[in-house]
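User: I have a structure open and I'd like to go through it. Can you take my questions as they come?

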Amino acid sequence: MSSFHLHIFQVSLLGIMTMVGMLFTFMLPMPSQKHKARSAFFARLFLLTMWAGQASLTLPYFDHHIAGTVGHAFFITLSGYLLFITVVKRYGHALLRKTRLKIVIHLLIIVLLSSFTSAYDINSLVCDVMLLASVAIPLLLAFRYIKLQGGERNPGDRVLMAVVLAALSVIVAGAPLYWMLFEQNGLQQSLVSFGLHMVMMLTFMLGFAVSILHSLVNRLKYKIYQDPLTGCKNRHFFYEIVPKLLAHAKRNDERLSVVICDIDHFKSINDKYGHMNGDRALQQFAKTVSAELRDEDSLIRMGGEEFLILSPKSDVKQAEAFAERLRSKIEAKPLTVADTNISLTASFGVVEVHSNSDIYHGLKAADSAMYKAKSAGRNQVITVNA
């Protein structure tokens with residue numbers, strides 16, 4: 001097979017991969033956030049420009065040497081920036097205007113430099129170093145962006161980060177080794193370029209797909225565990241998280257406190273002011289409590305007007321003080337219906353669950369304490385030992 005026919009075969013194979021990859025992005029779930037939704041569009045452009053960069057290498061066979069050199073440099077640099085933009089969009093962010101301007105300026109510079117080096121037949125090694133340095137800039141930006149966004153916690157983003165790191169490793173270490181160890185010729189460079197393009201496209205699409213699917217799973221899990229009315233967690237979350245919290249407390253010999261609370265006279269609010277205002281009471285209650293929670297605390301709506309707060313690393317005295325603060329905050333914010341202020345209060349039961357005890361026994365004790373608070377006149381905090 002001649003060198004020309006080998007180039008055509010490579011370009012055709014990458015073209016098929018590009019089309020398959022682009023079609024694949026249309027099959028992925030579409031994120032609801034507009035910038036995240038646009039990430040698939042830029043991923044397609046990335047694949048297309050990667051293919052165009054390889055296709056440009058065939059132009060010298062048609063006596064278009066300058067166009068081939070300029071096209072290859074332009075499309076390869078552009079593909080690096082499209083990868084960076086795809087990453088930015090995956091995190092739901094817009095590209096800053098000054099960043100867009102810098103990208104345009106960089107692309108114009110690479111076109112001018114590659115035109116100059118090609119027109120004056122400057123040493124190919126100089127051209128390769130210039131191109132690799134040019135591509136390294138958007139790759140470094142993409143790596144930094146993933147790192148800043150904490151993407152190493154997402155399996156899909158970890159794959160994207162690995163793709164960027166691998167590409168940077170080729171630029172920093174692989175290319176110099178290649179120049180030192182292998183004799184340079186057009187056919188060999190074409191094969192290396194083709195292999196790198198193929199690996200980059202495949203791994204990028206893998207990381208992109210895993211990133212989207214992982215986000216979808218997280219969104220579904222969030223919906224499964226979220227109470228749609230109040231926005232706090234629900235019973236599904238409770239049964240999922242309680243065993244884990246208790247196991248963590250046992251392993252680390254930590255305290256875990258439980259606060260059960262119930263809105264006082266909630267039925268009368270529904271009966272007198274309607275269920276819509278009853279829903280507003282639940283929402284206001286949840287908002288007031290959520291504002292006082294620590295990051296590690298969880299507010300769970302167990303059903304109706306009954307809520308539960310899981311408070312790790314908190315002993316019974318701390319939990320009691322916390323519940324008393326909540327009681328005061330709730331009492332200080334009546335529910336306004338039309339021009340009427342409706343008194344909104346809650347009763348609380350507090351218990352500390354010891355690491356060697358049954359958490360469900362503790363929950364039962366906290367529930368009993370809450371009913372004692374109601375029996376004693378409501379709008380109170382009662383603490384018991386599990």
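Analyst: Here is a short walk through the chain, its cores and its aromatic rings.

Analyst: This is a predicted model, where local features need pLDDT of at least 70, side-chain atom pairs count only at pLDDT 80 or more, and totals for chains, interfaces and linings use all residues. Residues are numbered from 1 along each chain as its sequence is written, and side-chain values use heavy atoms, with hydrogens and water left out.

User: How many helices and strands does the protein chain have?

Analyst: The protein chain has 12 helices and 7 strands. These are DSSP runs numbered from the N terminus: helices are H or I with at least four residues, strands are E with at least two.

User: And what percentage of the residues is buried?

Analyst: Of the 386 residues in the protein chain, 46% are buried. Buried means under 20% relative accessible area, exposed means over 50%, and partly exposed is in between (1.4 Å probe, protein chains only).

User: Which residues have the most contacts inside the largest nonpolar core?

Analyst: Phe 46 and Leu 83 do, in a core of 47 residues. A nonpolar core is a set of buried Ala, Val, Leu, Ile, Met, Phe, Trp, Tyr and Cys residues joined through side-chain atoms within 4.5 Å.

User: Which elements give two or more residues to this core?

Analyst: Helix 1 (3-27), helix 2, helix 3, helix 4 (97-119), helix 5, helix 6 (155-181) and helix 7 (186-225). Helix 3 gives the largest share, 10 residues. Apart from this core lies another, of 29 residues, among them Cys 261 and Ala 319.

User: Back to Phe 46. What does Phe 46 touch?

Analyst: Leaving aside residues up to four places away in sequence, Phe 46 touches Ser 79, Leu 82, Leu 83, Met 200 and Phe 204. Contact means heavy atoms within 4.5 Å.

User: Now the rings. How many aromatic pairs are there?

Analyst: The count comes to 7 aromatic pairs. Rings of Phe, Tyr and Trp (its six-membered ring) pair if their centres lie within 6.5 Å; planes under 30 degrees apart count as stacked, over 60 as edge-to-face and the rest as tilted. One of the pairs is Phe 74 with Phe 75, edge-to-face at 5.3 Å centre to centre and 70° between the planes.

User: Where do Phe 84 and Tyr 145 lie?

Analyst: Phe 84 is in helix 3 (residues 65-90) and Tyr 145 is in helix 5 (residues 124-148), so the pair ties together parts 61 residues apart in sequence. Phe 84 is buried at 6%, and Tyr 145 is buried at 17%. Together with Tyr 91, Phe 84 and Tyr 145 form one aromatic cluster.

User: New topic: Arg 44. Is it buried or exposed?

Analyst: Arg 44 is buried, at 12% relative accessibility, and lies in helix 2 (residues 34-55).

User: What does the side chain of Arg 44 make a polar contact with?

Analyst: With the side chain of Thr 25, at 2.7 Å. A polar contact is a pair of N or O atoms within 3.5 Å; within protein, one must be able to donate a hydrogen and the other to accept it, and residues adjacent in sequence count only if both atoms are side-chain atoms.
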